[in-house]
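Open the model in your viewer and get ready to select. We will take one stop at a time.

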Amino acid sequence: MKRQSSTRLFVISGLLLAFALVLLVSPLANPNPDGLNRVAIDEGFAGTETDHGMGDSPLADYAVSGVDDDWLSKGLSGIIGILATFALGLALFALSRKRSESNPARAKGERN
Amino acid sequence: MHIPDGFINAGTSAGAALIAAGGVTVAVKKTSRYLDDKQVPIAGLTAAFVFAVQMLNFPVAAGTSGHLLGGALAAILVGPWAGALCVTVVLVVQAFFADGGITALGLNVLDMAFVTALGGYAIFLGLRKVFPNERSSVVVASGIAAGISVVLSALVFVIQFAIGGNVDLALGSVLAAMVGVHTLIGLGEGIITAATVGLVLSVRPDLVYGARDLGTPLHIPKTSTAEGVS
């Protein structure tokens, strides 16, 4: 029992830490092109990049469209991303978890 | 490291997507052999944490940044196959942020999720065999394995570029540039990974997949003696 509540506490603390990172540290993130983009520029294949199919997404480039303040926009987009990743991860891992042997019918039913 | 659309031709991207889909299928099957109910939220948190830290680009050289890939970190925390799935989930969500191409998703899943998680974990295991069986070794092995995993990821990109790059360039030059900059990024990856694994080990060592064997009576860290034995 205690283990269980402490796992819940761990997960909540972890999510709060992730929120804090995107809210407080991401404004300090280095805006330069990353390693691959730098190599693409230097080696001369950056020009082959095509427009992103989600370039018009309301979350494109880690900003929430309609939110003008840069810090808030990036921070909010990060929180949305964290929660979306957590939710999608929970769903995928709930499907990928070890089934209890005692309940094969349920396990089978969830497969598809 | 996210490959945008256009760097690699459509055929190669489609091939990579097929291999990535196969990899995800295998990963789901392998994960379902060990991931218990308690670990499901931990794996979800690991994915969410990787998403957050991937937003934190650090400077690596003049005019260049890098960020955590996180595959090795996720693998050490929740196991290699679940770790690969964690980063795959991150990459899928990032598509909505226009980060990493859509046709390039399979390429990125291979480079950033599978190569780093499986390759990083293999290196981690190898290092643990030669290091003493104690907590600090787990932390150091995590950092080194994570750092090397970034270079592995860069190497696999160069292979993809060699097969399907949309421009004909001297591969040696691309290879040298990729390995050079990703060695620097690997330093950051190693530091972040070691710090995170160290943090989790200090709070809940039982949640670190790569350190499950540390609970044995011979090598009990003093704080968890009582629980470890029972």
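Helices (H or I, at least four residues) and strands (E, at least two) are DSSP runs, numbered from the N terminus. Follow chain B from the N terminus, and the elements run α-α-β-β-α-α-α-α-α-α. The radius of gyration of chain B is 18 Å, close to the 17 Å that the globule rule gives for 230 residues, so chain B is as compact as a globular protein of that length. That radius is taken over C-alpha atoms, and the globule rule is 2.2 Å times the number of residues to the power 0.38.

A word on the ground rules. This is a predicted model, in which local features need pLDDT of at least 70 and side-chain atom pairs count only at pLDDT 80 or more, while totals for chains, interfaces and linings use all residues. Residues are numbered from 1 along each chain as its sequence is written, chains are lettered from A and ligands numbered from 1 in the order in which they are written, and side-chain values use heavy atoms, with hydrogens and water left out.

How much of chain B is buried? Of its 230 residues, 57% count as buried. Buried means under 20% relative accessible area, exposed over 50%, and partly exposed in between (1.4 Å probe, protein chains only).

Next, go inside. Select A:Ile82, B:Phe157 and B:Met178. Of the 90 residues in the largest nonpolar core, these three touch the most other members. A nonpolar core is a set of buried Ala, Val, Leu, Ile, Met, Phe, Trp, Tyr and Cys residues joined through side-chain atoms within 4.5 Å. Then colour helix α2 (residues 39–54) of chain B, which gives the most to this core, with 11 residues.

Zoom in on B:Met178. What does B:Met178 touch, leaving aside neighbours within four places in sequence? From chain A come A:Leu36 and A:Val39. From chain B come B:Met1, B:Ala154, B:Phe157 and B:Val158. Contact means heavy atoms within 4.5 Å.

Last stop: select chain A. It has four helices and zero strands. From the N terminus on, its elements run α-α-α-α. Buried residues make up 37% of its 112 residues. Among contacts in chain A between residues at least 6 apart in sequence, 40% join residues at least 24 apart. In chain B, that share is 78%.
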